[in-house]
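Me: Could you show me how to read side-chain contacts in a model like this one? I would like the general idea and then the case at hand.

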Amino acid sequence: MIDERRGRRGAWKETAQRYALLPLRIFLGVTFIYAGIDKLTDSAFMAAGGTGSVGELMRAVRDTSAIPGLVDLALKNPEGFGYAIALGELAVGIGTLLGLLARLAALGGALISLSLWLTVSWATDPYYYGNDLIYLMAWLPLLLAGASVLSVDAAFAERRRRIR
């Protein structure tokens, strides 16, 4: 009886470990898809100037960012930068949610979060109020581990194993 309980507990623990990153993957995937769609459908955001525009946001954070040169680069073509961020968020979110090229998607998400932390949220005080740093840290486990369950990557890996 005791051995049977230990066996069930061990099986449950193994299953929990296998699926541990799935909630994070779902959260980040849905959040980045939403963020990308939100930007793409907001005509005010996709403008070079005006209230709520990416151009206005970049001008507002230029002097307080850790990398003003990156902000200057974005200001050369604010609309293009806005579309690049939005499409990047959409691609990262879809890849993460589906587990398709999951490590590459996580790298993209980490790079987007890092660039936003170093520019838009850099001056947030105290630093832990800035959500971009938290997102950067959230991407790291997925970057390291990938998507081993309920993912396109896992299905391809299983198919390759069966072929051999």
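Reply: Happy to; we will go through aromatic pairs, salt bridges and a surface patch. This is a predicted model, in which local features need pLDDT of at least 70 and side-chain atom pairs count only at pLDDT 80 or more, while totals for chains, interfaces and linings use all residues. Residues are numbered from 1 along each chain as its sequence is written, and side-chain values use heavy atoms, with hydrogens and water left out.

Me: How many aromatic pairs does the structure hold?

Reply: A pair of aromatic rings is described by the distance of the centres and the angle of the planes. Here, rings of Phe, Tyr and Trp (its six-membered ring) pair if their centres lie within 6.5 Å; planes under 30 degrees apart are stacked, over 60 edge-to-face, and the rest tilted. The structure holds six such pairs. In one of them, Phe 27 and Tyr 135 have ring centres 6.2 Å apart and planes at 5°, so this pair is stacked. Phe 27 lies in helix α2 (residues 22–40) and Tyr 135 in helix α7 (residues 131–145), so the pair links parts of the chain 108 residues apart. Helices are DSSP runs (H or I, at least four residues), numbered from the N terminus.

Me: Is Tyr 135 buried or exposed?

Reply: Buried means under 20% relative accessible area, exposed over 50%, and partly exposed in between (1.4 Å probe, protein chains only). Tyr 135, at 18%, counts as buried, whereas Phe 27, at 44%, is partly exposed.

Me: Where does a salt-bridge network occur?

Reply: Arg 62, Asp 63 and Asp 72 are linked in one. Between Arg 62 and Asp 63, the closest N and O atoms are 3.3 Å apart.

Conventions
Helices (H or I, at least four residues) and strands (E, at least two) are DSSP runs, numbered from the N terminus. A salt bridge is a side-chain nitrogen of Lys or Arg within 4 Å of a carboxyl oxygen of Asp or Glu.
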